[in-house]
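Colleague: I would like to learn how to read a model of this kind. Can we go through it feature by feature?

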Amino acid sequence: MEKPTLQGEMIVLRPIRADDAAAVWDAVSDPEGRRLTGTTHEFSRAEIDAWCASVAALDGRIDLAVTMHGSDEYLGEIVLNDIDEDVRSANLRLAMRPAYRGRGYGTEAILLVLGLAFDGLGLHRVGLDVLSVNTRALSMYENLGFRVEGRLRDAYRDGERWCDAILMGLLEDEFRAGQLG
């Protein structure tokens with residue numbers, strides 16, 4: 001599948017490339033980002049280099065770099081993975097570099113990818129999970145129309161403690177109703 005480039009008001013989403021590796025390394029090395037996403041794997045720079053060089057060719061997923069208009073700098077990534085054409089569903093994941101959180105780039109990226117998912121790919125459902133300690137992300141997803149569908153108790157670590165995964169989903173008709181509102 002050809003990976004798309006999507007343009008919004010503030011941002012451009014484009015396929016992740018090998019030359020994004022240094023910025024991706026910065027993102028996966030950020031302690032707060034790792035905490036809020038439940039990342040426990042310690043990536044090596046070689047793993048990141050290989051991933052960035054190969055991810056655009058993988059089937060069943062669309063990994064896009066978030067960039068600003070007029071700049072090609074990697075600000076974060078948004079991923080539509082586990083794409084199931086038969087069930088017409090996929091999973092969504094967003095991770096922004098520290099300096100670009102809370103500026104609206106993630107919200108716009110999600111809206112662009114949801115448009116791709118429902119209008120371009122013909123999906124019926126997009127799901128995600130968010131850590132219960134990531135209240136800002138939880139609020140953003142709810143404001144975009146995602147509904148809480150369940151909870152996986154103590155599914156992630158938050159330092160020495162445990163935290164829950166909140167399962168959320170958005171259906172095609174809910175997305176369309178949100179566009180009208």
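Colleague: Which residue in β2 does Leu6 stand opposite?

Modeller: Leu6 stands opposite Leu13 in β2. Before going further: this is a predicted model, in which local features need pLDDT of at least 70, side-chain atom pairs count only at pLDDT 80 or more, and totals for chains, interfaces and linings use all residues. Residues are numbered from 1 along each chain as its sequence is written, and side-chain values use heavy atoms, with hydrogens and water left out.

Colleague: In what order do the eight strands lie in the open sheet?

Modeller: Helices (H or I, at least four residues) and strands (E, at least two) are DSSP runs, numbered from the N terminus. Two strands pair if DSSP finds at least two bridges between them. Here the order is β1-β2-β3-β4-β5-β6-β8-β7, with mixed pairing. The edge strands, each pairing on one side only, are β1 (6-7) and β7 (147-158). β1 pairs with β2 (residues 11-15) in the antiparallel sense, over two bridges.

Colleague: What is the volume of the largest pocket, and which residues lie nearest its centre?

Modeller: Rolling a probe the size of a water molecule over the atoms shows where empty space is left. On a 1 Å grid over the protein atoms alone, a pocket is an open set of points where a 1.4 Å probe fits, with protein on both sides within 12 Å along at least five of seven lines; lining residues have an atom within 4 Å of a point. The volume, the space filled by probe spheres set on the points, is about 1,100 Å³ for the largest pocket. Its lining has 40 residues, and Thr37, Arg93, Leu94, Ala95 and Met96 lie nearest the centre. β5 gives the most to that lining, with six residues.

Colleague: Where is Arg88, and what is its phi?

Modeller: Most residues other than glycine have a negative phi. Arg88, in the loop between β4 (76-84) and β5, has a positive phi near 60 degrees. Asp154 in strand β7 also has a positive phi, of about 50 degrees.

Colleague: Is Asp30 buried or exposed?

Modeller: Buried means under 20% relative accessible area, exposed over 50%, and partly exposed in between (1.4 Å probe, protein chains only). Asp30 counts as buried because its relative accessibility is 12%. Arg88, at 35%, is partly exposed.

Colleague: Which residues does Asp30 touch?

Modeller: Contact means heavy atoms within 4.5 Å. Not counting residues up to four places away in sequence, Asp30 touches Pro98 and Arg101. A polar contact is a pair of N or O atoms within 3.5 Å, one able to donate a hydrogen and the other to accept it within protein; residues adjacent in sequence count only if both atoms are side-chain atoms. The side chains of Asp30 and Arg101 make one of 2.6 Å.
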